[in-house]
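Me: I am new to this structure and would like to go through it step by step. Could you take my questions as they come?

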Amino acid sequence: MKINYQKIDNGASIGIVGLGMMGSSIATALLIKGKKIVALSSTDTKIDLEAPERIKKSLLECINKGLTNKAQLELLENIHFTSDYADLRSCWLVMECVIEDLNIKKEVYSRIENNVDDTVIITSNTSAIPISILQNHLRIAERFYGLHWSEPAYTSRFLEIICGKKSLVEVGEQLYIIAKSWGKEPTLVRKDIMGFITNRIMYAMYREAIHLVENGYATIEDVDRACKNDGG
């Protein structure tokens with residue numbers, strides 16, 4: 001894919017498919033950075049239908065915290081709510097944020113690919129399914145990456161960019177640069193691995209912390225204090 005993604009990011013829209021808690025939070029994070037969003041509800045469930053009000057509330061929180069100097073109405077001008085996959089045609093990047101169900105994700109990817117150009121990057125916010133497995137369900141596997149956000153996305157500086165086995169690492173590096181312009185301190189996982197970076201580190205810490213407490217070496221409070229004041 002010979003495309004200047006940084007140039008496209010400066011003007012084209014970003015699609016978000018799935019408007020649950022995480023999808024809404026990501027939309028808010030990008031809106032306060034001046035990005036144009038196509039917010040697509042993949043279902044008619046209550047949580048998706050409540051997304052516009054949830055995003056409005058989050059934007060007010062961002063305004064009150066001084067994260068943006070723009071008014072709520074001005075920020076909302078940059079988001080288009082839809083249930084029509086054809087509206088994703090204006091996007092340079094489409095993020096999938098649906099539930100962790102492989103069959104549902106496969107259906108979403110098929111609908112996205114049927115409605116966007118072959119050069120559009122497609123990503124997943126999954127925290128559990130390896131990117132190399134997901135990308136096998138795309139017609140153009142090399143355009144697929146993981147973009148693993150943390151909640152709330154508009155205040156957290158966390159963002160993992162994950163390359164699958166068929167992903168182009170150089171595009172991952174460009175996404176890394178773009179993520180910095182979104183106010184993130186991103187990490188780039190160059191080779192796909194179960195749990196990515198953060199979950200693997202955290203689960204190792206969780207196991208050790210539980211072992212120390214269960215075997216009487218320290219209290220919960222002391223383990224927590226050690227992690228906070230030393231490990232950070």
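Me: Which helix gives the most to the lining of the largest pocket?
Reply: This is a predicted model. In it, H6 gives the most to that lining, supplying five residues.

Me: Which elements each supply at least two residues of the lining?
Reply: They are helix H2 (21-31), helix H3 (46-49), H6 and strand E6 (144-149).

Me: How many residues line the pocket, and which lie nearest its centre?
Reply: The lining is made of 30 residues, and Met22, Cys97, Val98, Ile99 and Glu100 are the ones nearest the centre.

Me: How much space lies in the pocket?
Reply: The largest pocket holds about 510 Å³.

Me: What is the lining like by class?
Reply: Twelve of its residues are nonpolar, eleven are polar and seven are charged.

Me: Back to H6. Where does Glu113 lie?
Reply: Glu113 belongs to helix H6, which covers residues 102-113.

Me: Is Glu113 buried or exposed?
Reply: Glu113 has a relative accessible area of 7%. Because this is under 20%, the residue counts as buried.

Me: What is Glu113 in contact with, leaving aside neighbours within four places in sequence?
Reply: Glu113 is in contact with Ile122, Leu138, Arg139, Ile140 and Arg143.

Me: A new topic: at what angle do the axes of H9 and H10 cross?
Reply: The axes of helix H9 (residues 198-214) and helix H10 (residues 220-231) cross at roughly 145 degrees and come within 9 Å. The crossing is right-handed.

Me: Which residues make that contact?
Reply: H9 contributes Met205, Ala209, Leu212 and Val213, while H10 contributes Ile220, Val223 and Cys227. By class, the contact has seven nonpolar residues, no polar ones and no charged ones.

How values were computed:
Residues numbered from 1 in each chain as written. Predicted model: local features only at pLDDT ≥ 70, side-chain atom pairs only at ≥ 80, totals over all residues. Heavy atoms only, no water. Helix = DSSP H or I, 4+ residues; strand = E, 2+ residues; numbered from the N terminus. Buried < 20%, exposed > 50% of the residue type's maximum accessible area, 1.4 Å probe, protein only. Contact = heavy atoms within 4.5 Å. 1 Å grid on protein atoms, 1.4 Å probe; cavity = no way out; pocket = protein on both sides within 12 Å on 5 of 7 lines; lining within 4 Å. Points joined across faces, edges and corners; volume = space filled by probe spheres on them. Nonpolar A, V, L, I, M, F, W, Y, C, P; charged D, E, K, R; others polar. Axes fitted to C-alpha atoms, helices over the stretch in contact; angles between N-to-C directions. Left-handed = near helix turned anticlockwise from the far one by under 90°.
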